[in-house]
Amino acid sequence: MQSASDVELISVTKRYGVTAAVSDVSLKIPGGTYCCLLGPSGCGKTSTLRMIAGHEIISVGDVIIGGANVGDLPPVKRGTAMMFQSYALFPHLNCLDNVAFGLKMRRVGKAERRERARALLEMVRMDAYATRLPAQLSGGQQQRVALARALITRPKVLLLDEPLSALDPFLRGHMRDELKRLQREFGISFIHVTHSQEEALALADLVVVMDHGRIVQSGPPREIFDAPATAFIARFMGGHNVIEHDGNTIAVRSDRCRLLPMTANDGLLGEVSSIEYLGATVKVALTTAAGAEIVAVLPDDKFFAEPFSVGNAARLAWAPRDSHRLQA
């Protein structure tokens, strides 16, 4: 386990000509934190990651790692390592030599670099594939090798640019577990860019939601999901109804809603527009007279005990404690 270093961004801005990709971003990531930068395409999360890495020049602001301002340093001197979305393995090198390559560039002796590479391949459970070429590996296996290669230089911070996006859903879930395990074992900060809400909630100690080049909310994943600050965040995170109610805009989690007959005195009236059976739950969408879609996610046994059909009129209701007022 290595010593953990804080990462701090101070009023960081990235401009391309007159266009600001990142605007006045300030953020502190405590050492040993798994941080996910989350947001839609074009929100500035990858530009932010690349400025931390040194692959993008900062227009304004500072990047502090372990108490040192690294904004003017090249990537190799920042104490960071980056794992790219494409994995970027050398096709002519076997797994062992791919992992050892960073140490070769630092003129570490052959015996030591191979010993350290074998140890890392074992940590990522790829030691049995040490002599294989990248073309002989699956996507998930290539990712493990790329991860070991990024970690071999013993970085203070590991930067990951959408590392799971190329994997199938089953393998993504498995690799999430592996990333979290390795982050705990190494004890360093992982800063992980993703557009997947599920990925961020599953992995992160700190979720940073970005939109239009700015941080719109940051905090523990449960806080972000349970108490989104704005309608944008509630809709982007998913699983919420955004409702105008008693002169306020509120968010109500879909799984905290219930369906009532149209004759009930409580709830919003709508017509059932779709029903999706999802195994443990059933997702029921209603369309209101104003044309808005509202959703209830119900336990399967509860839905089938009192089922509705498409075209039925129904009311969507919730307990007052389950509503969360949003900022204007």
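**Close-up 1. Tyr-277, Phe-303 and Phe-304 make up one aromatic cluster.** The model is predicted, so local features need pLDDT of at least 70 and side-chain atom pairs count only at pLDDT 80 or more, while totals for chains, interfaces and linings use all residues. Residues are numbered from 1 along each chain as its sequence is written, and side-chain values use heavy atoms, with hydrogens and water left out. Rings of Phe, Tyr and Trp (its six-membered ring) pair if their centres lie within 6.5 Å, and planes under 30 degrees apart count as stacked, over 60 as edge-to-face and the rest as tilted. Phe-303 and Phe-304 pair edge-to-face, at 5.1 Å centre to centre with 80 degrees between the planes. Phe-303 is buried at 5% relative accessibility, whereas Phe-304 is partly exposed at 48% (buried means under 20% relative accessible area, exposed over 50%, partly exposed in between, with a 1.4 Å probe and protein chains only).

**Close-up 2. Phe-232 and Phe-236 form a stacked pair.** Their ring centres are 5.9 Å apart and their planes lie at 15 degrees. Phe-232 is partly exposed, with a relative accessible area of 28%, and Phe-236 is buried, at 14%.

Close-up 3. The structure holds zero disulfides, a disulfide being a pair of cysteine sulfur atoms within 2.5 Å. Cys-35 is buried, at 0% relative accessibility.
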